[in-house]
Amino acid sequence: MKRRKQMMYLFTGFLFLCALAIAIMPLGNVLKDKTMLVMYCSGAAFWVGIIGTIYMALKINRSRKGSYRFNELFGNRKQLGLIHFFQNTEALIVDVAMIISLIALIIARLCSANLQVIYVIIAVFVFAFGMHCMLNGMNYKYINYSKYVKEQKKDE
């Protein structure tokens, strides 16, 4: 259980790093005449975040497929997080944040908002979308499957 939680924390951390890099990209562009450090750091953070997020998602997925006990309970079920919504309380919060950030992005673009504001909204959307995909999918059930086993035993 502890290892599964650590994988989830790493996934979330890498995703947050990617979103943070997106949020500071305009700052790097503004400061490029003085120093290129912010631009290089945001670019490196973006790629480390993307690669780390993908790696952790694949590692969680591989661990889930290799878990005999989990597959015994949920082996036949398929649940792609991309197309499922509001599967649990955490997913509900993230899904609402994703929808609100998408609406805010459309409004900001229509109102010709400041570039920094648009990038922050994009960063929030990227983080919320990544968490949406994880929290609504079968991998999140794997991370918390001891909780689902307890709920299933209550129902019986």
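## Helix α5 and its neighbours

Helices α1 and α5 cross with a right-handed sense. The model is predicted, and this tour begins with that pair.

**Stop 1: α1 against α5.** Select residues 2–30 for α1 and residues 115–135 for α5. The two axes come within 8 Å and cross at roughly 165 degrees. With angles over 145 degrees counted as roughly antiparallel, α1 is therefore roughly antiparallel to α5. Now show the side chains where they meet. On α1, pick Met8, Phe11, Thr12, Leu15, Phe16, Ala19, Ile22, Ala23, Met25, Pro26 and Leu27. Their counterparts on α5 are Leu115, Gln116, Tyr119, Val120, Ile122, Ala123, Val126, Phe127, Gly130, Met131, Met134 and Leu135. Sorted by type, the residues of this contact are 20 nonpolar, three polar and no charged.

Stop 2: Colour its buried residues: Ile118, Ile121, Ala123, Ala128, Gly130, Met131, His132, Met134 and Leu135.

**Stop 3: α4 against α5.** Select residues 89–110 for α4 and keep α5 on screen. Their axes come within 8 Å, crossing at roughly 150 degrees, which means that α4 is roughly antiparallel to α5. The crossing here is left-handed, while that of α1 and α5 is right-handed. From α4, Glu90, Ala91, Val94, Asp95, Ala97, Met98, Ser101, Leu102, Ala104, Leu105, Ala108 and Arg109 take part in the contact. From α5, display Ile118, Ile121, Ile122, Val124, Phe125, Ala128, Phe129, Met131, His132 and Leu135. The residues of this contact divide into 17 nonpolar, two polar and three charged.

**Stop 4: Asn139.** Move on to helix α6, residues 138–143, and select Asn139. Is Asn139 buried or exposed? Its relative accessible area is 13%; the cut-off for buried is under 20%, so Asn139 counts as buried. Next, show its contacts, leaving aside neighbours within four places in sequence: Ala57, Ile60, Asn61, Arg64 and Met134.

Notes
Residues are numbered from 1 along each chain as its sequence is written. This is a predicted model: local features need pLDDT of at least 70, side-chain atom pairs count only at pLDDT 80 or more; totals for chains, interfaces and linings use all residues. Side-chain values use heavy atoms; hydrogens and water are left out. Axes are lines fitted to C-alpha atoms, for helices over the stretch in contact, and angles run from 0 to 180 degrees between N-to-C directions. Helices (H or I, at least four residues) and strands (E, at least two) are DSSP runs, numbered from the N terminus. Angles under 35 degrees count as roughly parallel, over 145 as roughly antiparallel, 65 to 115 as roughly perpendicular and the rest as oblique. A crossing is left-handed if the near helix is turned anticlockwise from the far one by less than a right angle, and right-handed if clockwise. Contact means heavy atoms within 4.5 Å. Ala, Val, Leu, Ile, Met, Phe, Trp, Tyr, Cys and Pro count as nonpolar, Asp, Glu, Lys and Arg as charged, and the others, Gly among them, as polar. Buried means under 20% relative accessible area, exposed over 50%, partly exposed in between (1.4 Å probe, protein chains only).
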